[in-house]
Amino acid sequence: MIDHLSRAVISDPEQNLTIEKKESACILPDSKTAPVRLRKRTLHETKIRTHSTLMENVLSHKVQFDSRIISRNGHDACRELIGFFFMHDQSLTIYEYRQFGKNRTNVLPFIQKSIYRHQCGRRKGKQYQLGDFYVGATLTFLNSDLPSLPESIKKNTLLVLRITNIDQIALDSLKTASVEHEDDIITQEANDRLVIKAVQDVLKEKLHKRSVRILTGLGRYFQQLDKEGNGLLDKADFKQALKVFHLEVSEKDFESLWLILNVNGDDNGKVDYGEFKRAIFGEMNEYRKSFVRKAFMKLDCNRTGSVPIIDIRKCYCAKMHSQVISGHSTEEDIKSSFLETLKDTCSKSDEVSYGEFEDYYEGLSIGIVEDEDFVNILRTPWGI
């Protein structure tokens, strides 16, 4: 059988890049997979339109990475993005894979090539550098600087991306020739991580055996408080939410956490509640997250961002569940139990949004140590 390949061409003032993408290729953001340069979905035959060999050499010093949008909007969260960071001027550009029909994939501009700066955290206002690019890194952009973004993304002030895979060989090669000095910021960020870990350790015991219900309930509670629909809440809202769900931390720990998350540094500031949840609970790694996204994309064929409960019932298969195999439960028992828990997370009784689906598995992930155990929980019922 001959594999059907989709071809797409990117046109850029400085480069022509041709991409081939295998129709059914499965790309996982994990060190166990082949590096970016060896995958079927690679950029190749690069032709730089320049007038000098020197310019060609300069532009060839780049790092390729995959990324995703951190969003509760399912359509946006499941977008496939591929980016490049250029060392010669520390600029970056990002493209989006778009599927047209069954066998045709185009790669369209998403963020134009330019120099960008951090919009959050200790590095706010500082230009992106090579050290900012690694699997799990977060990139933030002002939506007002990106006029071509889809309308669903423009609703928020910031566009937040997470790097899911990177060409490690190219990155290591460029790091050897690069020297970056930001000792003060590195120290501050290390201290921030210690504060966040201390809060997570305090809450870990309280989450034991209740993680799914707490995370899903908290997500729904935050949405109810968010009257403006912009994903931002103030200090009092977060304090109240922690109290309602019996997740209180000491005043000192809370104030330290607020100081880290509230980039404006004032009590009247607001913080994205998704970022707040990730800080106090932690977040599943990109390998696990990729399977959550894959399962939802299989359910959400039309990329609407929500899936009817009736479709989830049809697709969920409990035949290989351990309790069904042992004879302690029937397939219908397991399916009904799963759907009942999932529906508890939903703001609407007849459908599940991507954010709610992710919250469920985020809570489940907390109690599972091994990545493969978690992945099997997704693979078995959803057939992915």
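Residues are numbered from 1 along each chain as its sequence is written. Local features of the predicted model require pLDDT of at least 70 and side-chain atom pairs count only at pLDDT 80 or more, whereas totals for chains, interfaces and linings use all residues; side-chain values rest on heavy atoms, with hydrogens and water left out.

The protein contains 15 helices and 13 strands, taken as DSSP runs numbered from the N terminus (H or I, at least four residues, for helices; E, at least two, for strands). Of its 384 residues, 45% count as buried, a class defined by a relative accessible area under 20%, with exposed being over 50% and partly exposed in between (1.4 Å probe, protein chains only). Among contacts (heavy atoms within 4.5 Å) with a separation of 6 or more, 62% involve residues 24 or more positions apart.

The structure holds 24 aromatic pairs. Rings of Phe, Tyr and Trp (its six-membered ring) are paired if their centres lie within 6.5 Å, and the planes are stacked if under 30 degrees apart, edge-to-face if over 60 and tilted for the rest. Tyr-116 and Phe-141 are both buried.

Tyr-316 and Trp-382 are likewise edge-to-face, because their ring centres are 5.2 Å apart and their planes stand at 75 degrees. As Tyr-316 occupies the loop between helix H11 (309-315) and helix H12 (322-326) while Trp-382 belongs to helix H15 (residues 371-382), this pair ties together parts 66 residues apart in sequence. Tyr-316 is buried, with a relative accessible area of 9%, and Trp-382 is buried at 5%. Tyr-316 and Trp-382 are members of one aromatic cluster that also includes Phe-296, Phe-338, Tyr-354, Phe-357, Tyr-360, Tyr-361 and Phe-374.

Helix H15 has 12 residues and spans 17 Å from its first C-alpha to its last, close to the 16 Å expected, a value given by 1.5 Å times one less than the number of residues. Its buried residues include Phe-374, Val-375, Leu-378, Pro-381 and Trp-382. These residues lie on the same side of H15 because they cover an arc of only 150 degrees around the axis, the arc being that of the directions from the helix axis to the C-beta atoms. The cover over the buried residues of H15 includes helix H10 (286-299), H11, helix H13 (331-344) and helix H14 (354-366). Pro-381 has a relative accessible area of 8% and touches Cys-315, Tyr-316, Cys-317 and Asn-376, not counting residues up to four places away in sequence. Pro-381 and Tyr-316 are 65 residues apart in sequence and 5.3 Å apart in space, C-alpha to C-alpha. H15 is followed by Gly-383, whose phi is positive, near 65 degrees.

The structure holds zero disulfides, a disulfide being a pair of cysteine sulfur atoms within 2.5 Å. For Cys-301, the nearest cysteine sulfur is that of Cys-315, 7.3 Å away. Cys-301 is exposed, with a relative accessible area of 59%, whereas Cys-315 is partly exposed at 41%.
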